[in-house]
Amino acid sequence: MPTTPHPITKEKIPLTLGHEFSGVIEEVGDDITDIKIGQRVSVQPIIYDGTCSACRDGLINCCDNNGFVGLSGWGGGLSEHVVVPRAAVYEIPDSVSMEAGALVEPIAVAWHSINISPLKKGDAVLVLGAGPIGLAVIQCLVAKGAEKIIASEVAPRRRAFARQFGAHYLLDPTQDDVVARVREICGGVGADVAFDAAGVQAGLDQALKAIRAQGTLVNIAVWEKPAKLQMNDLVFRERKYVGVTTYVQGDFREVLDAIAAGTLKPEPMITGKIQMNEIEDKGFKALIEEKDKHVKILVEVSP
């Protein structure tokens with residue numbers, strides 16, 4: 001969150017939080033004719049300038065000045081009301097709940113990471129970390145037809161979530177030799193693609209050795225500390241290491257369509273529902289002190 005004025009919003013902390021949310025249209029601009037008051041929508045929260053080279057190439061997620069509604073200004077999901085550009089609003093199909101609409105943002109992160117990857121039918125996939133993004137990756141892999149999904153996660157409860165959402169094999173990196181087990185599961189050659197949703201050095205080291213020759217490791221995680229990359233693990237096996245960030249135009253629509261079609265069923269990610277006056281104890285503290293028990297806690301702003 002910006003401690004100096006953000007280049008687009010001109011806002012800085014303190015700010016209203018909430019970048020994963022759905023809502024109901026209350027007003028529209030005079031020139032908006034394709035969406036109406038009363039429609040249920042999911043909000044794509046990326047803020048972008050539209051003028052930098054990345055934006056001109058359609059890569060709004062890579063904008064030189066990017067930010068997020070709910071992190072960089074313009075209000076957020078915990079506001080009573082929020083004003084966003086028309087391009088940020090996606091109508092929720094009638095068959096999709098408002099709760100599922102609030103989950104589109106994290107699922108779109110996973111969806112985009114798979115779209116960026118070279119994943120093809122029949123590939124074996126390793127997912128590092130079964131937190132909210134790792135679990136979203138597993139769900140999206142299932143929706144896209146992946147047939148061999150291996151999840152590596154320390155916390156027993158999160159391994160159970162990974163199983164629930166479709167992982168075929170579960171590994172505990174504190175007990176299992178991840179590299180050996182992945183190769184065993186994959187017929188001795190390693191995984192075709194790996195997704196790092198954990199962002200820890202030990203996992204990175206394991207993943208680089210666990211993917212096959214010319215395999216790809218996709219980094220989704222935001223790292224808290226600098227990472228070390230053993231370049232020879234890439235060079236001598238012609239492996240690839242790819243960074244991805246958030247999503248681009250079209251990913252939200254594809255996720256909503258997949259939920260409407262029933263190929264994505266994200267509601268079980270919601271492990272708690274609370275009111276605004278409960279957010280400190282049953283929201284923030286619960287996610288900090290009992291993070292292994294929760295995936296997403298939904299806050300109802302307007303009853």
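Residues are numbered from 1 along each chain as its sequence is written, and side-chain values use heavy atoms, with hydrogens and water left out. Because the model is predicted, local features need pLDDT of at least 70 and side-chain atom pairs count only at pLDDT 80 or more, whereas totals for chains, interfaces and linings use all residues.

The cysteines were examined for disulfides, a disulfide being a pair of cysteine sulfur atoms within 2.5 Å. The search of the whole structure finds 0 disulfides. C52 takes part in none, and the nearest cysteine sulfur, that of C55, is 3.7 Å away. For C63, the closest cysteine sulfur also belongs to C55; the distance of 3.7 Å is too far for a bond. Burial was assigned from relative accessible area: buried means under 20%, exposed over 50%, and partly exposed in between, with a 1.4 Å probe and protein chains only. C52, at 9% relative accessibility, counts as buried. C63 is buried as well, with a relative accessible area of 5%.

C62 lies in the loop between α1 (53–56) and β4. Here and below, helices (H or I, at least four residues) and strands (E, at least two) are DSSP runs, numbered from the N terminus. With a relative accessibility of 36%, C62 counts as partly exposed. Contact means heavy atoms within 4.5 Å. When neighbours within four places in sequence are left aside, C62 is in contact with A54 and T245. C62 and T245 are 183 residues apart along the chain, yet their C-alpha atoms are separated by 7.5 Å.

Two helix pairs were then considered. Two packed helices are described by the angle between their axes and the distance between the axes. Axes are lines fitted to C-alpha atoms, for helices over the stretch in contact, and angles run from 0 to 180 degrees between N-to-C directions. Angles under 35 degrees count as roughly parallel, over 145 as roughly antiparallel, 65 to 115 as roughly perpendicular and the rest as oblique.

The axes of helix α6 (residues 178–185) and helix α7 (residues 201–210) come within 9 Å, with a crossing angle of roughly 30°. The helices α6 and α7 are therefore roughly parallel. The crossing of α6 with α7 is right-handed; a crossing is left-handed if the near helix is turned anticlockwise from the far one by less than a right angle, and right-handed if clockwise. On the α6 side the contact is made by V178, V179, V182 and R183, and on the α7 side by Q206, K209 and A210. These residues of α6 and α7 comprise 4 nonpolar, 1 polar and 2 charged. In this classification, Ala, Val, Leu, Ile, Met, Phe, Trp, Tyr, Cys and Pro count as nonpolar, Asp, Glu, Lys and Arg as charged, and the others, Gly among them, as polar.

For helix α3 (residues 104–116) and helix α9 (residues 251–261), the axes come within 9 Å and cross at roughly 105°. The helices α3 and α9 are therefore roughly perpendicular. Helix α3 contributes V104, E105, I107, A108, W111, H112 and N115 to the contact, while α9 contributes D251, F252, E254, V255, L256, A258 and I259. By class, the contact of α3 with α9 has 9 nonpolar, 2 polar and 3 charged residues.

The backbone was also inspected. Most residues other than glycine have a negative phi, and most peptide bonds are trans. A cis peptide bond joins I13 and P14, with omega about 5°, and P14 is placed in the segment before β1 (22–24). E238, in the loop between α8 (231–235) and β11 (240–243), has a positive phi near 55°. This residue, E238, is partly exposed, with a relative accessible area of 49%. T246 has a positive phi near 45° and is found in the loop between β11 and α9. At 14% relative accessibility, T246 counts as buried.

G18, in the segment before β1, touches V69, G70, G76, G77 and L78. The C-alpha atoms of G18 and V299 are separated by 9.6 Å, although these residues are 281 residues apart along the chain. S72 lies in the loop between β4 (67–68) and β5 (89–91) and counts as buried at 8% relative accessibility. The residues touched by S72 are P2, H6, T9, E11, L15, I47 and G67.
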